[in-house]
Amino acid sequence: MALASIPKVVLGCIGFMMFWILAVFPAVPFLPIGRTAGSLLGAMLMVIFRVVSPDQAYEAVDLPILGLLFGTMVVSIYLERADMFKYLTQLLSWHSRGGRDLLCRVSFVTAIASALFTNDTCCVVLTEFVLKLCRQNNLPPQPFLLALATSANIGSAATPIGNPQNLVIAVQSKISFGKFVLGILPSMLVGVAVNTLILLIFNWKLLSAEKDEEEAVDVAASEEDINSHRFSPTLLSHLGSPDLIAETRSLSENHHGEIVTERTDSLRNRNTGDVDSQRVETSGVEAKEESSGAGAEIVNEGHSLGSDEGAVSSRRSLRVNSNRVISAREIPSLFLSADEEILWKRIVWKASVYLVTIGMLVAMLCGLNMSWSAITAALALVVLDFTDARPSLEKVSYSLLVFFSGMFITVDGFNETGIPSTLWNAVEPHAQINNVLGVTIFSLIVVVLSNVASNVPTVLLLGSRVAASAAASGASVTKAWLILAWVSTVAGNLTLVGSAANLIVCEQARRAQFFGYNLSFWSHLRFGLLATLIVVFIGLPLIRS
């Protein structure tokens with residue numbers, strides 16, 4: 001594609017530069033409106049400057065990517081409510097054998113979790129817990145925060161749902177979920193191992209230092225504090241209020257092991273009339289509960305339900321009359337105490353969440369449409385929850401969906417100027433992926449662009465051109481897409497601003513109450529520069545098409 005007219009090129013560059021500045025520096029002094037508003041501003045300028053028409057702008061928005069992104073966010077929210085991440089954190093702290101062992105666990109658990117639940121989500125829910133774990137074991141937070149951020153990025157490269165740029169690549173390339181995983185998984189596993197080894201070498205003395213037991217008693221977080229850790233909402237850009245968080249927690253466990261419910265929103269909206277309307281009355285049998293004025297009573301032969309420390313007799317009889325039958329929903333309450341009934345329902349619901357998530361992954365592996373598989377799983381979880389979905393849906397980062405919509409329009413407008421095509425034509429002869437030198441040059445270009453323009457815009461700008469170049473040179477088009485996915489994702493580890501996951505870890509760590517830690521730009525760069533280049537080039541030969 002040739003360069004457009006000079007006015008169109010200049011105006012298109014202005015629109016793209018506004019988007020880029022606000023995407024990389026969202027709090028820039030002269031216009032501190034944030035990334036999402038900056039994305040919309042760039043898109044609006046492209047239309048106002050007539051770089052693209054309104055119809056072209058609408059066509060540039062990729063609905064399958066937005067649908068897949070929305071579906072995976074909703075599934076992640078319900079997985080968090082089902083304590084999936086609580087179990088991950090328990091796995092991290094279970095029988096830990098010191099700092100080195102803990103660092104390896106953080107790296108590999110985070111990598112695997114990020115491949116399945118997206119890197120940003122894992123960084124949000126695990127950062128504060130990692131800080132508490134470091135304090136409990138009197139360990140320096142920096143290597144563990146670096147392990148969390150970098151392993152989340154590397155691990156997310158293994159699946160199409162691991163990060164936003166992989167979503168774009170999977171939709172545009174039409175590579176199946178299974179082929180994508182098999183193509184990058186070896187590189188991911190080796191990359192996480194090498195990244196962890198570099199971290200161990202950098203921090204060997206810090207992690208091997210014996211901790212002072214007396215000091216550890218004073219500053220370490222207790223085991224109870226670690227095990228009872230509750231996570232923040234799933235996405236940093238959409239933190240809820242305390243009331244919202246209270247509404248979305250369905251259960252919590254107190255220090256006596258008793259189960260208590262926190263469904264405040266449901267209780268708030270119920271009244272006496274609602275309760276009465278839920279009772280099913282027909283002719284037949286009615287169960288009376290003589291204690292506490294309830295409607296049903298269970299009488300044990302020789303013992304009451306509340307006596308002998310909760311012992312339940314095996315023989316029960318029901319006092320009934322001829323006005324009412326027992327509904328199916330009341331049956332569990334006849335044989336279980338209130339706490340036992342709540343626990344039983346909670347276990348069934350959590351099992352349903354895990355089964356639906358596994359079903360979504362199986363559907364994607366079988367080659368079904370990834371966007372609709374994710375949306376179907378999300379709606380299935382909403383229905384199975386059988387409560388008002390508003391608190392859960394409010395935790396979806398709609399600002400991220402808006403950001404993507406504006407970015408699609410802005411990047412499409414920049415492509416219309418002809419600048420990306422002209423630049424690619426200049427480097428294409430030296431960046432062919434059918435030889436080692438070409439792959440090396442291409443990888444370095446992607447690493448630089450991913451840290452300058454961010455990885456998602458880089459993929460949008462280069463994706464189709466790389467695929468066309470690979471097809472023209474006789475190389476595997478699938479391998480070209482997978483190389484782009486691997487390099488653009490791992491490149492995010494180079495600098496602190498190279499990936500949203502890095503920024504999430506940094507901000508979550510800085511804001512953590514009682515455990516705050518400031519991960520600086522230079523401390524990240526000191527490790528990230530060497531580790532990123534090594535991991536990228538070690539993983540390239542292992543990518544399979």
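Predicted model: local features only at pLDDT ≥ 70, side-chain atom pairs only at ≥ 80, totals over all residues.
Residues are numbered from 1 along each chain as its sequence is written, and side-chain values use heavy atoms, without hydrogens and water.

**Exercise 1.** Determine how α24 and α25 are oriented.

Step 1. Helix α24 spans residues 455–473 and helix α25 residues 477–490. Helices are DSSP runs (H or I, at least four residues), numbered from the N terminus.
Step 2. Their axes come within 9 Å and cross at roughly 155°. Axes are lines fitted to C-alpha atoms over the stretch in contact; angles run from 0 to 180 degrees between N-to-C directions.
Step 3. Therefore α24 is roughly antiparallel to α25 (angles over 145 degrees).

**Exercise 2.** Find the α8 residues that touch α26.

Step 1. Helix α8 (residues 141–156) packs with α26 at about 155°, axes 9 Å apart.
Step 2. Contact means heavy atoms within 4.5 Å. From α8 come Leu145, Leu148, Ala149 and Asn153. They meet Ala501, Asn502, Val505 and Ala509 of α26.

**Exercise 3.** Describe the second largest pocket.

Step 1. A pocket is an open set of points on a 1 Å grid over the protein atoms alone, where a 1.4 Å probe fits, with protein on both sides within 12 Å along at least five of seven lines.
Step 2. The volume, the space filled by probe spheres set on the points, is about 1100 Å³.
Step 3. The lining has 42 residues (an atom within 4 Å of a point). Ala23, Arg35, Ser499, Ala500 and Leu503 lie nearest the centre.

Notes. Helix = DSSP H or I, 4+ residues; strand = E, 2+ residues; numbered from the N terminus. Parallel < 35°, antiparallel > 145°, perpendicular 65-115°, else oblique.
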